[in-house]
Amino acid sequence: MKLTGAEIVCESLLREGVDVVFGLPGGAILPLYGALSRYPQLRHILVRHEQGAAMAADGYARATGKVGVCVATSGPGATNLVTGIASAQMDSIPIVAITGQVPRPAIGRDAFQECDVTGITLPITKHNYLVMSAAEIAPVIKEAFHIARTGRPGPVLVDIPKDVLQAERAEFVWPESVNLPWYNPPQEADREQVARAARLINQAQRPVILAGHGILISHAYQELRQLAETAQIPVITTLLGISSFPTDHYLNAGMPGMHGMAYASLAIDNADLVIALGMRFDDRVTGRLRDFAPNAKVVHVDIDPSELGKNVKANAPVLGDLKCVLRQLMPLVERKVRVDWLRQVDTLRSEHPSLHIRDTEALLPQFVMQQISQLTDGKAIIVTGVGQHQMWAAQHYGFKDPNTLITSGGLGAMGFEVPAALGAKVGCPERTVWSIAGDGGFQMTMCDLATAVENHIDVKFAILNNGVLGMVRQWQEFFYNKDYCATVYSANPDFVKLADAFGIPGIRVKEKVQVAAAIQQAMATPGPVVVDFIIKQDENVYPMIPAGESVREMMEEPMPAELRPGEGIR
Ligand SMILES: Cc1ncc(C[n+]2csc(CCOP(=O)(O)OP(=O)(O)O)c2C)c(N)n1
């Protein structure tokens, strides 16, 4: 029996195991919505802005490990997806975006709501397609999912003209396999490359592991732990690598870089070997490249050949899937006891207590994060926006399980926290999900509170409300002579009343003593809840390595009296 293009899309999504799509309709994509209503197995979650659809698909993908799907109409619908797609590309997240396009005869005529979305998204997708016949839809969708989820994952966009969705019928044939001779993501690594890496690891006196997002993507947590424990190597996790190694493990040496723990950056500075696993030497990690890990040789394992040597030249580059490579590597790695080096890292940790929270009356955001961590036992999924709160969440939440920090690391897109949290909760309904927002980012996508209410998505929305674009304010304080131009939000809405307007509870917290009770109340209340924490406005994130500088220029918070040797104890 012949099906319409729209029906073929639905059948194909079902074959790919899709059970939920995030989207918002419009003219060019309407035929797909006409078909969707006949496919109740495909749950459609109607967002309030297409950026939310892309980011929800991203959150869903990160939380579940499956491909997230978003749908938008042509023109403005498609362009509204762009920030979410770019974020997914930077962070290697598998999503498939399906967009409607104007009918084939109208393409290239500046038709109403026409835009060249394959052109626009070419540099921010792993691959994209303009599908010009109904017969191509099934093979294209099969390929799109395959490309999105394999190798280094990433977003794939499928643009389908309205008449292909609606008017054309074709036989639905689900291909048995994909035929992509040009696309062969590596699995096992070359044995000589692995042997060279093993030799460097065995020879090293002061090695550190820099664990990135690749550990999570390739499910290599056990292998990472085995390597670290066997060779007694401290594990430093990048922002996107957080939760790939338990925070409370004795070998966890924190997060490096611009707002990482001082001891992590200093450990890299002292190391004689950096073992970089599935990370890309982002500038927020390395600072000034010529001063990064000045005494270290480098082993770099990655699945993407373009990452090897891109920012940091490796003495032992290894191309392959991390899980496979670590399994190849382990039999070659010698068991070690490294008393001196681990003691040195411990000394750095006690001399640079980056995670100490000052004992003050003021409501500090670090304290709020620490309380959320304790009251969720480190087992919630934490979805952040971008800014100071993102760094406080990364620093002060004690992540126990893999894939539990969801954040826009590469693109750094404010507004990610609300929709991505919705996607995470839809994907993992059994888990507690906290969205951690700044008052700035929250206002970018808070319209999707309605999506939470309408679809009964039980996310707890914390706002670390400082009344400013905090991270930018901090840069102005440090680097722009305290010229606070355009960073003060003097007319924020009342977020408790706002929650009420959406029909959900809102709790305001102004005092330290109210924090724990508010968190508990939010978690005891079924359904979405907003908690507005009014935090100290001018609190800064420490440590800070200024952009383009090195660990030598790191700004640390002055050591509090209670931690100074010989002081504080009377
Ligand atoms: C979409 C977008 N626009 C601008 C920025 C630049 N930016 C980075 S952090 C930040 C401030 C964030 O403010 P808020 O969400 O209130 O969080 P806070 O830093 O106060 O915790 C801005 C404007 C960005 N990252 N993303």
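1. Asp116 sits in the loop that runs between β5 (95–101) and α5 (117–121). The model is predicted, and the remarks here and below describe its coordinates. A polar atom of the Asp116 side chain lies 2.8 Å from the backbone nitrogen of Gly119. Asp116 and Gln101 are 15 residues apart in sequence, while their C-alpha atoms are 8.7 Å apart in space.

2. Thr451 belongs to helix α19, which covers residues 449–454. Is Thr451 buried or exposed? Thr451 counts as buried because its relative accessible area is 1%, under the 20% cut-off. Apart from neighbours within four places in sequence, Thr451 is in contact with Ile45, Leu46, Val47 and Arg48, and also with Leu422 and Ile457.

3. The ligand is surrounded by 17 residues. The closest of these are His389, Gly412, Gly440, Gly441 and Gly470. By class, the shell around the ligand divides into 7 nonpolar residues, 9 polar and 1 charged.

4. Which helices supply at least two residues each to the shell around the ligand? They are α16 (388–396), α18 (439–445) and α20 (470–479). Helix α18 gives the most, with 4 residues.

5. A backbone N or O atom of Gln388 lies 2.8 Å from a ligand oxygen. For His389, an N or O atom of the side chain is 2.8 Å from an oxygen atom of the ligand. With Gly440, a backbone N or O atom is again involved, 2.8 Å from a ligand oxygen. Taken alone, the ligand exposes 590 Å², and the protein buries 76% of that area.

6. The protein chain contains 22 helices and 19 strands. Its C-alpha trace spans about 80 × 60 × 40 Å along the principal axes. The radius of gyration is 24 Å, which agrees with a compact globule because a chain of 570 residues folded in that way would have a value near 25 Å.

7. Of the 570 residues in the protein chain, 60% count as buried. Among contacts with a separation of 6 or more, 76% are between residues 24 or more positions apart. The accessible surface of the protein chain comes to about 22,400 Å², and carbon and sulfur atoms account for 52% of this surface.

Technical notes. Residues are numbered from 1 along each chain as its sequence is written. This is a predicted model: local features need pLDDT of at least 70, side-chain atom pairs count only at pLDDT 80 or more; totals for chains, interfaces and linings use all residues. Side-chain values use heavy atoms; hydrogens and water are left out. Buried means under 20% relative accessible area, exposed over 50%, partly exposed in between (1.4 Å probe, protein chains only). Contact means heavy atoms within 4.5 Å. A polar contact is a pair of N or O atoms within 3.5 Å; within protein, one must be able to donate a hydrogen and the other to accept it, and residues adjacent in sequence count only if both atoms are side-chain atoms. A residue is near a molecule or strand if one of its heavy atoms lies within 4 Å of it. Accessible areas come from the Shrake-Rupley method with a 1.4 Å probe; for residues, only the protein chains shown count as cover. Ala, Val, Leu, Ile, Met, Phe, Trp, Tyr, Cys and Pro count as nonpolar, Asp, Glu, Lys and Arg as charged, and the others, Gly among them, as polar. The radius of gyration is taken over C-alpha atoms; the globule rule is 2.2 Å times the number of residues to the power 0.38.
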